[in-house]
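Here are my notes on the two-chain model you asked me to look over. Have it open while you read.

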Amino acid sequence: MASKQCPHAADCPLFAAFQVRAFLRIWQMNYCDATFERCVRYQRIVEGKEVPLSLMPNGKQLPDLGAPKKE
Amino acid sequence: MSLLEEYWPAGLGALALAAVSLGTYLGTGRLLGVSGMLARLLRPRETMRLARSERGLTDTEALARALEAATRAEFGGGCDAVPLPPPPGVTAAGRPLPASIPRPPWAALAVFAACTALGGLLSATLSGTLSFHWDLGPVHGRLFSEGPTSWVILLLGGVLVGFGTQMAGGCTSGHGLSGCSRLQPASLLATVCFFGTAVLLSLLLARIMA
Ligand code: SF4
């Protein structure tokens with residue numbers, strides 16, 4: 001069966017990021033190129049909601065990299 | 001004598017729209033989409049929260065480190081256990097991550113909205129048609145009556161336009177300018193739908209009003 005890719009892959013900045021490091025391709029294998037319907041980013045796009053770059057497919061947020069470091 | 005006729009010449013209008021679309025892209029790195037900008041403008045807290053959540057992600061090395069940590073947290077040893085081949089054309093060390101584009105701040109959206117109104121004012125002034133009045137013209141008056149009823153109709157029309165643009169994921173600028181210029185199938189289809197409907201409705205109204 002032909003694998004189906006997320007229809008938003010071309011515009012998704014995380015897909016582009018997953019593409020350039022072998023280590024990160026596990027996200028593509030588990031979400032973008034497989035069951036993209038369970039990707040929280042995809043679900044938000046379908047609902048017409050804003051998708052922050054920091055939102056991962058599993059719904060977790062990347063840490064706030066711009067926040068001042070705690071001592 | 002006015003500097004411009006009542007309506008701008010079509011070619012000049014096209015050039016102005018192209019300049020705004022291109023200028024927005026070159027200035028912000030994002031495609032023009034007025035309904036989306038307006039929606040974000042009307043949700044200032046959400047817009048600022050999103051901008052905060054993306055702080056620092058424009059630093060591609062910091063983003064790479066954060067992604068690596070998130071990958072380990074999600075897949076644990078799995079990501080090392082399954083040695084994936086590097087993507088086509090990428091060495092084992094990988095390539096730098098693509099730079100992310102910062103979101104325009106809420107204030108920039110407010111400036112854009114203000115400039116949209118100012119542009120209309122300037123255009124009307126240059127064409128010598130600037131006037132302030134509280135009715136929506138004779139055609140609208142004949143179709144929907146005058147006074148408060150016409151205002152309710154106008155409000156309902158605005159709500160429908162807002163609903164439609166959010167549902168379709170764009171409006172005449174997002175789909176019509178940014179999408180069609182990139183030959184995006186969804187935008188081409190959306191533009192055919194809304195422009196086609198507008199032309200048909202105009203012809204129908206012209207017939208009714210004749
Ligand atoms: S599945 Fe999610 S992460 Fe992958 S391309 Fe689609 S929206 Fe982006």
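1. Ground rules. This is a predicted model, where local features need pLDDT of at least 70, side-chain atom pairs count only at pLDDT 80 or more, and totals for chains, interfaces and linings use all residues. Residues are numbered from 1 along each chain as its sequence is written, chains are lettered from A and ligands numbered from 1 in the order in which they are written, and side-chain values use heavy atoms, with hydrogens and water left out.

2. Chain A, make-up. Chain A has three helices and zero strands, so its elements read α-α-α from the N terminus (helices are DSSP runs of H or I with at least four residues, strands runs of E with at least two, numbered from the N terminus). Of its 71 residues, 42% are buried (buried means under 20% relative accessible area, exposed over 50%, partly exposed in between, with a 1.4 Å probe and protein chains only). Taking contacts in chain A between residues at least 6 apart in sequence, 42% link residues at least 24 apart; contact here means heavy atoms within 4.5 Å.

3. Chain B, make-up. Here we have 10 helices and zero strands. Buried residues account for 25% of the 210 residues in chain B. For contacts in chain B between residues at least 6 apart in sequence, the share joining residues at least 24 apart is 60%. Chain B exposes about 14,000 Å², and carbon and sulfur atoms supply 72% of that.

4. Salt bridge between the chains. Five salt bridges are counted over all chains (a side-chain nitrogen of Lys or Arg within 4 Å of a carboxyl oxygen of Asp or Glu). One of them pairs A:Glu50 with B:Arg40, the closest N and O atoms being 3.2 Å apart. This pair crosses from the segment after α3 of chain A to helix α2 (residues 34–41) of chain B. Is A:Glu50 buried or exposed? Buried, because its relative accessibility is 14%. B:Arg40, at 23%, counts as partly exposed.

5. Salt bridges within chain B. In helix α4 (residues 60–75), B:Glu68 and B:Arg72 sit four residues apart, about one turn of the helix. Their closest N and O atoms are 3.7 Å apart. Both ends are partly exposed, B:Glu68 with a relative accessible area of 36% and B:Arg72 at 37%. There is also a network: shared partners join A:Arg44, B:Glu46 and B:Arg49. Within it, B:Arg49 and B:Glu46 meet at 3.2 Å, N to O. Those two are separated by about one helical turn because they are three residues apart in helix α3 (residues 44–53) of chain B.

6. Nonpolar patch. Please look at B:Val139, B:Leu143, B:Phe144, B:Leu201, B:Leu204, B:Leu205 and B:Ile208, which make a nonpolar surface patch of about 590 Å². Two or more residues each come from α7 (138–144) and α10 (185–209) of chain B, and α10(B) gives the largest share, four residues. B:Ile208 belongs to helix α10 of chain B and counts as exposed because its relative accessibility is 54%. Patch residues have over 30% relative accessible area and no salt bridge; nonpolar side chains (Val, Leu, Ile, Met, Phe, Trp, Tyr) are joined within 5 Å, like charges within 9 Å.

Key: Accessible areas come from the Shrake-Rupley method with a 1.4 Å probe; for residues, only the protein chains shown count as cover.
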